[in-house]
Amino acid sequence: MRRSYLYVPAIDERKILKASLLGADVVVFDLEDAVPDDRRDEARVLLERILGDEGYRSSLRNVGSVCVRVNSISTIDFYKDILLVSKLEPVDCIVVPKAEVDLSFIHKATGRSLIALIETARGFTRLDEVATSEGVEALMLGVADLALDVGGSLEDYENLEYPRVELVVKAKAYGLEAVDKVYFKIDDLEGFRRDAMRARALGYTGKQVVHPNQIPIANQVFQPTEEEIEWARKVVEAYEKARLEGRGAVRLEGRLVDRVHYRIAKRLLETLKTQGAT
Ligand code: COA
Ligand code: MG
């Protein structure tokens with residue numbers, strides 16, 4: 001289950017060393033915007049050194065997935081980042097920023113799974129091509145770059161529903177995870193919670209986070225509640241019984257339940273099973 005994706009600036013040794021202990025489901029070491037232009041080589045050297053350490057690598061076993069956000073594919077740094085990542089054994093996925101073309105070549109070259117960060121106008125118009133690239137397992141929303149790219153205001157783009165819905169719908173259409181935007185006001189944890197709850201209600205399965213305080217909230221919000229688990233069990237039972245009786249739709253506590261509800265309920269219970277929580 002990947003509920004919280006923690007960004008860690010790859011230039012900040014102290015934060016890298018803490019990253020594996022903070023309870024995030026996914027750690028994303030960032031070689032892109034959290035690193036100043038003139039320190040990218042230094043960041044790569046630092047990341048290679050720390051991830052090469054046996055003790056550190058074993059601490060990463062607490063983390064569900066270890067990713068690196070590389071630079072965008074139109075830069076030389078992208079190629080340097082890819083060369084590095086392909087040497088880093090603990091890294092199992094690559095976050096590709098400003099994704100707007102077929103990304104299969106990155107997966108073919110590295111064998112790592114990909115997360116496509118959609119944050120440009122072209123990224124949105126070419127979502128299908130990006131989403132169907134080999135190796136892509138999640139789509140992520142980026143609103144700051146999107147606002148910049150279209151010449152809009154960050155504040156408006158942060159609160160806009162259109163890109164948020166578009167991204168989750170495409171992700172679901174291709175069977176991918178949908179990862180919600182960053183909430184930049186790190187001291188406003190209630191605002192973060194509301195933002196995460198809205199994302200979850202829209203179908204997002206996780207959220208990008210930038211501060212340790214945001215992690216437990218994301219983990220909680222994207223975790224199914226007891227009532228949801230109970231409801232899922234009832235749906236599965238009612239639907240399977242209906243199928244045995246030759247029916248495909250059934251009334252359950254005043255609500256219609258058919259195949260789609262059954263599949264949603266099944267998926268929720270399967271996720272819990274893989275988590276070892278049932
Ligand atoms: N990863 C790991 N540890 C983090 C962290 C992160 N993203 N953000 C904060 N911490 C650590 C801090 O180092 C500090 O621990 P310490 O006192 O032992 O050093 C503790 O958590 C509390 O942090 P705090 O002092 O409240 O924050 P800060 O002022 O050090 O950092 C930010 C604030 C925003 C600079 C920082 O959270 C950050 O760099 N976030 C990620 C930014 C990023 O990667 N952006 C790119 C994607 S949008
Ligand atoms: Mg960006």
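Which residue does a disulfide join to Cys-67, and what is the S to S distance?

Modeller: It's Cys-93, with an S to S distance of 1.9 Å. Before we go on, this is a predicted model, where local features need pLDDT of at least 70 and side-chain atom pairs count only at pLDDT 80 or more, while totals for chains, interfaces and linings use all residues. Residues are numbered from 1 along each chain as its sequence is written, chains are lettered from A and ligands numbered from 1 in the order in which they are written, and side-chain values use heavy atoms, with hydrogens and water left out.

Back to the cysteines. A disulfide is a covalent bond between the sulfur atoms of two cysteines. The test used here is a pair of cysteine sulfur atoms within 2.5 Å, and by that rule the count is 1 disulfide. The torsion about the S-S bond of Cys-67 and Cys-93 is about 75°, so this disulfide is right-handed. Cys-67 sits in strand β3 (residues 65-69) and Cys-93 in strand β4 (residues 93-96), so the pair ties together parts that are 26 residues apart in sequence. Helices (H or I, at least four residues) and strands (E, at least two) are DSSP runs, by the way, numbered from the N terminus. Both cysteines are buried; that word means under 20% relative accessible area, with exposed over 50% and partly exposed in between (1.4 Å probe, protein chains only).

Most residues other than glycine have a negative phi. Lys-98, though, has a positive phi of about 45° and isn't a glycine. Lys-98 belongs to the loop between β4 and α5 (104-110), and its 24% relative accessibility makes it partly exposed. Glu-253 also has a positive phi, about 45°, again without being a glycine. This glutamate is in the loop between β9 (250-252) and β10 (255-257), and a relative accessible area of 54% makes Glu-253 exposed.

Glu-253 leads us to a tryptophan. Leaving out residues up to four places away in sequence, Trp-231 touches Leu-252, Glu-253, Arg-255 and Val-257, where contact means heavy atoms within 4.5 Å. Trp-231 lies in helix α13 (residues 226-244) and, at 22% relative accessibility, counts as partly exposed.

Helix α10 (residues 162-173) and helix α11 (residues 189-202) pack at about 45°, their axes 10 Å apart. Those axes are lines fitted to C-alpha atoms, for helices over the stretch in contact, and the angles run from 0 to 180 degrees between N-to-C directions. α10 and α11 are therefore oblique to each other; angles under 35 degrees count as roughly parallel, over 145 as roughly antiparallel, 65 to 115 as roughly perpendicular, and the rest as oblique. On the α10 side the contact uses Arg-164, Val-165 and Val-168, and on the α11 side Asp-195, Arg-198, Ala-199 and Leu-202. By class, that's 4 nonpolar, no polar and 3 charged residues. For those classes, Ala, Val, Leu, Ile, Met, Phe, Trp, Tyr, Cys and Pro are nonpolar, Asp, Glu, Lys and Arg are charged, and the others, Gly among them, are polar.

α11 has another partner, helix α12 (residues 214-221): their axes come within 10 Å and cross at roughly 30°. That makes α11 roughly parallel to α12, and this crossing is right-handed too. Leu-189, Phe-192, Arg-193, Ala-196, Met-197 and Arg-200 of α11 meet Gln-214, Ile-217, Ala-218, Gln-220 and Val-221 of α12. The tally there is 7 nonpolar, 2 polar and 2 charged residues. Take Met-197 of α11: with 47% relative accessibility it is partly exposed. Met-197 and Ile-217 are 20 residues apart in sequence, with their C-alpha atoms 9.7 Å apart in space.

As for α12, it's mostly covered, with 6 of its 8 residues buried. Those are Gln-214, Ile-215, Ile-217, Ala-218, Asn-219 and Val-221, and they pack against β1 (4-9), α11 and β8 (206-209).

Key:
Left-handed = near helix turned anticlockwise from the far one by under 90°.
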